[in-house]
Amino acid sequence: MTFQPHALSPDRSARDLFGARLRHHREKAGMSLRRLAEVLDYYSKSQLARYEKAESLPYDDLPQKLDACFGTEGLFVSLYELAKKEPFPGKYRRVIEIESQATVIEQYVTGSVPGLLQTPETVQRWLRCGHPHAPDAEIEALVKARIDRQARLSGQKPPRCWFILDEAVLHRQVGGPQVMCRQMLSLIERGTASHITLQVLPFKAGEFPDVLGGAFTLYTVPDKPLVAYEEGSRSGTIIEDPDKVAQRRESYDLLRAHALSPPDSEAMIRAAMEDWTPCEPPRT
């Protein structure tokens with residue numbers, strides 16, 4: 001069977017265009033990914049494949065090395081500067097678009113506070129953890145993009161939001177005790193909004209085979225079928241198949257039924273906050 005390379009979408013974003021130009025000039029030079037990796041020395045074949053598919057942004061030194069390798073006179077350096085300014089990779093843009101149109105957002109998370117509810121400090125620490133070698137400017141742009149997404153929750157017509165947090169979220173330290181304390185405080189304050197419901201799924205609820213190990217979200221968009229989005233630590237998948245979406249709907253309803261009530265969830269969050277460090281008590 002003849003190998004077919006992954007289809008690229010150069011018109012989707014600067015990051016995608018960077019990847020498409022990389023493949024074009026590599027193939028024009030008659031080089032395989034393995035051969036290019038040998039020429040560049042520091043980069044592996046798998047890394048270069050991810051850059052071509054726009055799955056990640058390369059380190060600062062690669063664009064200059066590519067221009068030198070292919071004689072492209074600053075093309076890759078220019079594309080890289082544009083790509084760094086984009087807050088979201090192309091593959092996440094459709095998710096962000098769906099989120100911006102949704103009138104109901106239902107989310108279950110296992111390892112971290114939902115992005116829509118994270119404090120700026122928590123956002124910064126998570127992004128730095130996921131992108132340890134990224135320039136500070138890139139991290140700052142990503143932090144701003146995530147915080148900007150949260151503005152819709154306090155707008156004139158906010159979506160109806162339902163968040164179910166696995167209890168582990170309350171105990172996994174992110175950024176130190178003070179950061180955790182302020183994050184717990186923020187969750188309590190967010191939970192007082194009439195359009196936001198917060199529940200905690202306690203450890204004692206037991207196992208849920210369909211959802212263990214992964215976070216997922218259900219988006220209700222007017223005049224469109226329900227959409228699900230599953231997210232792992234390094235990737236995410238939009239699910240539109242009616243039967244598969246229905247399975248996620250059933251799983252979410254099951255989680256909601258086994259989660260603590262909003263008042264009991266707030267009590268657990270308050271207890272977790274006290275376990276970290278003293279800080280200003282939440283408003284009642």
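Asp41 counts as exposed, because its relative accessibility is 67%; exposed here means over 50% relative accessible area, buried means under 20%, and partly exposed is in between, with a 1.4 Å probe and protein chains only. Asp41 also has a positive phi of about 75°, although it is not a glycine. Asp41 sits in the loop between helix H2 (33-40) and helix H3 (45-52). Helices (H or I, at least four residues) and strands (E, at least two) are DSSP runs, numbered from the N terminus.

On provenance: this is a predicted model, in which local features need pLDDT of at least 70 and side-chain atom pairs count only at pLDDT 80 or more, while totals for chains, interfaces and linings use all residues. Residues are numbered from 1 along each chain as its sequence is written, and side-chain values use heavy atoms, with hydrogens and water left out.

Asp223 is another non-glycine with a positive phi, of about 65°. Asp223 is in the loop between strand S4 (215-220) and strand S5 (227-231), and counts as exposed because its relative accessibility is 85%.

How many residues does the largest nonpolar core have? The largest nonpolar core has 34 residues, and those with the most contacts inside it are Phe163, Leu165, Leu170, Met184 and Leu187. The largest share of this core, 6 residues, comes from H10. Apart from it lies another core, of 20 residues, among them Leu36, Ala37, Phe76 and Leu79. A nonpolar core is a set of buried Ala, Val, Leu, Ile, Met, Phe, Trp, Tyr and Cys residues joined through side-chain atoms within 4.5 Å.

Leaving aside neighbours within four places in sequence, Leu170 is in contact (heavy atoms within 4.5 Å) with residues including Leu165, Met184, Leu187, Val200 and Trp276.

Strand S3 (residues 196-201) is largely enclosed by the rest of the structure, because 6 of its 6 residues are buried. Ile196, Leu198 and Val200 point one way from S3, whereas Thr197, Gln199 and Leu201 point the other way. S3 runs parallel to strand S2 (residues 160-166), and 6 bridges join them; two strands pair if DSSP finds at least two bridges between them. Phe163 has Leu198 as its bridge partner in S3.

Now helix H7, residues 120-130. Which residues of H7 are buried? They are Thr122, Val123 and Leu127. These residues are on the same side of H7, because they cover an arc of only 125° around the axis, taken from the directions from the helix axis to the C-beta atoms. Their cover includes helix H8 (136-150) and helix H10 (177-190).

H7 and H10 come up again at the largest cavity, where each supplies at least two residues of the lining. The lining includes Thr122, Trp126, Met180 and Gln183, and the volume is about 60 Å³. The structure holds 2 cavities of 30 Å³ or more. On a 1 Å grid over the protein atoms alone, a cavity is a set of points where a 1.4 Å probe fits but cannot get out, and lining residues have an atom within 4 Å of a point. Points are joined across faces, edges and corners, and a volume is the space filled by probe spheres set on the points.

Last, Arg249, in helix H11 (residues 242-258). Arg249 counts as partly exposed, because its relative accessibility is 22%. Not counting residues up to four places away in sequence, Arg249 touches Glu106, Leu218, Leu226 and Arg256.

Terms used. On a 1 Å grid over the protein atoms alone, a cavity is a set of points where a 1.4 Å probe fits but cannot get out, and a pocket is an open set with protein on both sides within 12 Å along at least five of seven lines; lining residues have an atom within 4 Å of a point.
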